[in-house]
Amino acid sequence: MEFESEDDAKKYYIEYARRIGFMVRIMQRRRSGIDGRTLARRLGCNKQGFSPNHKGTLGQEKKPRPSAREGCKATILVKMEKTGKWVVTRFEKEHNHPLMITANGFKTTGDKDKKIEELTMELAHQEQLCSAYREKLFAFINNVEKQTEELSSKIEVIVDNIRKLEAERQRFTHRSAGSRGL
């Protein structure tokens, strides 16, 4: 295939990807050492290659997150010929993963936005539930503390009454023993 410009080639491959059911990753570019213009461009499936797990140069290691990359080899390489036309010099069609086909033939970015909106609403709902549960938990803890204080003061009264009874019993026992000894 042949295109009038690099941009035309990109647009064509992006439209092709949308119809087939994958997203495009713009990968490599080869430039002229003389004037810096682009001489070749490689585009591929967004699941191309594998994500490296990088440690940050500053600070702690980043939390690992799931990678979208699955080692897919689907790519297209377009080069500018001497005529100024852009020609496909390499095309790998096969994907090693399921494509994003939906009922209408493709998955749109609108689907992604809708899912983000749904998840955002669900997150807000879960945050409200957490807040309500937190309030109930604090009320329960306060109630337990109050009940503990009341129980503690009642036990204190009972212990004082038992001490008084013990003291009276000992006085009574001493009086009884003293009156018998006479």
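**A tour from the sheet to the surface**

Begin by selecting Arg25, whose bridge partner in β3 is Gly44. The model is predicted, so local features need pLDDT of at least 70 and side-chain atom pairs count only at pLDDT 80 or more, while totals for chains, interfaces and linings use all residues. Residues are numbered from 1 along each chain as its sequence is written, and side-chain values use heavy atoms, with hydrogens and water left out.

Next to show is Val24, which has Cys45 of β3 as its bridge partner. Strands β2 and β3 pair in the antiparallel sense over six bridges; strands (E, at least two residues) and helices (H or I, at least four) are DSSP runs numbered from the N terminus, and two strands pair if DSSP finds at least two bridges between them. In the hairpin of β2 and β3, with six residues between the strands, select Gly36, which takes a positive phi near 80 degrees.

Return to Gly44 and look towards β4, where its bridge partner is Thr75; β3 and β4 pair in the antiparallel sense over five bridges. Displayed as a whole, the open sheet has five strands in the order β1-β5-β4-β3-β2, with antiparallel pairing. At its edges stand β1 (2-3) and β2 (24-31), each with a single partner strand, so one side of each is left without a neighbour in the sheet.

Now colour β3 by accessibility: seven of its eight residues are buried, so this strand is largely enclosed by the rest of the structure. Buried means under 20% relative accessible area, exposed over 50%, and partly exposed in between (1.4 Å probe, protein chains only). In β3 one finds Thr38, which is buried with a relative accessible area of 12%. Leaving aside neighbours within four places in sequence, Thr38 is in contact (heavy atoms within 4.5 Å) with Glu6, Arg29, Arg30, Arg31, Met80 and Trp86.

Finish at helix α2 (residues 109-180), where Phe140 is placed; Phe140 counts as exposed at 52% relative accessibility.
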